Amino acid sequence: MPEFARPTVTLHYRDEGAGPPLVFLHGWCDSSATWGALLPRFAGEFRCIAPDMRGHGASGRPFDHAYFPEALANDVAALCGELGIERPVLIGHSFGGFLAAFIAARMPGFARGIAVIDQPLALGEFAAQMRAIAPVIRSPETHLAFRQQLFGSMFGGLTGPAREGVEARSAATPPEVALGLWAPLFEFSEEEMAALGGRLLAALEGQPSLVIEGMDHPGYPELLAQAAPAARVVRIPAGHWVQLERPTETEAALRSFLAGV
């Protein structure tokens, strides 16, 4: 994989195909390998960039321990600048979907459009649930067991090598990296989390956007209809890793969206 040096970390990324740029952003405790079923489907018509986020996959760990969203957003912007990419479509799964919306909110006009795959952007309820069991999540002795249980509850129908790959990539992600990305869940107040969610939903409404829902998120479709009525919402019944469990349907939803962006 090619590499790109940032001031405090070296990132690795996949760069496949040629054409209008798509930037694929993976989720928490995952890597660019999560896009293995989709990149070949798009690389014939698009330039597909899929970085490993700092601390994940083949990328290094920043020596300043910076895992806050602004640093991750700057990584994406800097990589695009280095590669001469302008106005990409950002396609993010899970935390990568959060990051895509965060970039769109923080850098208006940077992206041509965004696609968020199975990541509710109203974060308050999830943050409250995680804070309730914070001692388990934030303890080095119990964090990995928590993560294994969490992922196990979200696999849906994903089996075989695809599931094993997700499990292996999670196991390879150190607790300090995982907890660094999740720090806002524990350190932000309820009001700050609500405000952040509002900015992310406004970013969906402010530009072409696609939301692919795999798991059932009660109440979220209704919230989307109210807060971001212009966003296109597609339901693909599956577990959390929709792009691995239902790649053909995910491809179709993305292609339909890209045709109008």
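Here are a few friendly notes on this structure, point by point.

1. Before you start: this is a predicted model, in which local features need pLDDT of at least 70 and side-chain atom pairs count only at pLDDT 80 or more, while totals for chains, interfaces and linings use all residues. Residues are numbered from 1 along each chain as its sequence is written, and side-chain values use heavy atoms, with hydrogens and water left out.

2. A helix pair to look at. Two packed helices are described by the angle between their axes and the distance between the axes. Helix α4 (residues 124-132) packs against helix α8 (residues 175-187) at an angle of about 95°, and their axes are 8 Å apart. That makes α4 roughly perpendicular to α8. Helices here are DSSP runs (H or I, at least four residues), strands are runs of E of at least two, and both are numbered from the N terminus. Axes are lines fitted to C-alpha atoms, for helices over the stretch in contact, with angles from 0 to 180 degrees between N-to-C directions. Angles under 35 degrees count as roughly parallel, over 145 as roughly antiparallel, 65 to 115 as roughly perpendicular and the rest as oblique.

3. Which residues in α4 and α8 meet? On the α4 side they are F126, A127, M130 and R131, and on the α8 side W182, L185 and F186. Contact means heavy atoms within 4.5 Å. By class, the contact of α4 with α8 has 6 nonpolar, no polar and 1 charged residues. In that scheme Ala, Val, Leu, Ile, Met, Phe, Trp, Tyr, Cys and Pro are nonpolar, Asp, Glu, Lys and Arg are charged, and the others, Gly among them, are polar.

4. Aromatic rings. The count comes to 11 aromatic pairs. Rings of Phe, Tyr and Trp (its six-membered ring) pair if their centres lie within 6.5 Å; planes under 30 degrees apart are stacked, over 60 edge-to-face and the rest tilted. F95 and F98 form a tilted pair, 5.2 Å centre to centre with 45° between the planes. Because F95 and F98 are 3 residues apart in helix α3 (residues 95-106), about one helical turn separates them. Ring pairs also link W28, F126, F146, F151, F155, W182 and W241 into a cluster.

5. Is H240 buried or exposed? H240 is buried, at a relative accessible area of 6%; buried means under 20%, exposed over 50% and partly exposed in between (1.4 Å probe, protein chains only). You will find H240 in the loop between β8 (232-235) and α11 (242-245). Leaving aside neighbours within four places in sequence, H240 is in contact with H93, S94, D118, M154 and M215.

6. Positive phi. D118, one of the contacts of H240, has a positive phi of about 50° although it is not a glycine. D118 sits in the loop between β6 (113-117) and α4, and is buried at 1% relative accessibility. C29 has a positive phi of about 60° and is not a glycine either. C29 lies in the loop between β3 (21-25) and α1 (39-42), and is buried at 1% relative accessibility.

7. Finally, A33. A33 is in the loop between β3 and α1 and is partly exposed, with a relative accessible area of 25%. The C-alpha atoms of A33 and G165 are separated by 8.3 Å, although these residues are 132 apart along the chain.
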